[in-house]
Amino acid sequence: MLGNILMHTAESYSKNFIYITFFSIAFFIALIIPMLISAPTYVALGAIYLRTGSIPALGYSEILVLAAGFLGSYILLATGLVAISVVVKAQRTLKKVSEEVVKGLQRYVLNVLWLYVAVTLFLIAAAMLLYELGAQFIFPVVQIITGMYVLMVPIAIVIDDIDVIKAFGRATSAITARAIDLTAMMICLLLLMALVYGIMLILLPHTIAVYLYLLINGLALSPILIMVSIHTYLSKYPVIY
């Protein structure tokens, strides 16, 4: 099954390379916005993470700027993810890609955006609670599980044309059915990200390495992860696979 998923991913990527690359620009811009607004973030494996421990020290104006910046990032992330999901769906259902993308962006982006906002608030609350309990070591596990849902729920919304609540159920079904494949692919991608990021930090000045890697992450690694996740979700339909 993993071989079929990777084969369909490569096929979709090659057939829709221009569309996917164009919409992946949104991921790169979304990644650099938190850095441009001087948010309390840090870079790890080429992604931007919020320093939740710094939030209590921020003033109201700083919190507003932070919220606006992350909201802008989330709009771009939602747009890119929805667009790529619609591209793959259109290809698999033999519909005109450009028309389906326009319809999909109008129909799904807002639902995915509110999902991102809700997940962020959940992660902030979870991080602070675990910090107070002295159980910070649990937080990476929470992030991994949440990350799978952040990928799969929007895909379920687009592919099955359902609301967020139903999408959670479909995403859970897909994650449990393909847990081993998903985990293996995420680990492989994380190792690749770590390797490439490490090489760049060795060869280039830190600032250049960070921005260059965010570019590679946005234009290549993130779309590949999304494409693999889409086809992992689609693999639950025997007619397609």
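## Ile138 and the H4–H5 loop

In this predicted model, Ile138 sits in the loop that joins helix H4 (97-133) to helix H5 (139-160), helices being DSSP runs of H or I with at least four residues, numbered from the N terminus. Ile138 has a relative accessible area of 35% and is therefore partly exposed, a class that lies between buried (under 20%) and exposed (over 50%), with a 1.4 Å probe and protein chains only. Its C-alpha atom is separated by 9.2 Å from that of Ala127, eleven residues apart from Ile138 along the chain.

## Asn16 and the H1–H2 loop

Another loop, between helix H1 (2-15) and H2, holds Asn16, which counts as buried because its relative accessibility is 5%. Leaving aside neighbours within four places in sequence, Asn16 is in contact (heavy atoms within 4.5 Å) with Val87, Gln91 and Val97.

Val101, leaving aside its neighbours within four places in sequence, is in contact with Phe23, Ala83, Val86 and Val87.

## Packing of H5 and H6

The axes of H5 and H6 are 8 Å apart, and the two helices pack at an angle of about 115°, where axes are lines fitted to C-alpha atoms over the stretch in contact and angles run from 0 to 180 degrees between N-to-C directions. On the H5 side the contact is made by residues including Met148, Tyr149, Met152 and Asp160, and on the H6 side by residues including Val164, Phe168, Arg170 and Ile175.

Helix H8 (residues 206-234) has 29 residues and should span 42 Å at 1.5 Å a residue, which agrees with the 39 Å between its end C-alpha atoms; the expected span is 1.5 Å times one less than the number of residues.

## Basis of the values

Residues are numbered from 1 along each chain as its sequence is written, and side-chain values use heavy atoms, with hydrogens and water left out. Local features need pLDDT of at least 70 and side-chain atom pairs count only at pLDDT 80 or more, whereas totals for chains, interfaces and linings use all residues.
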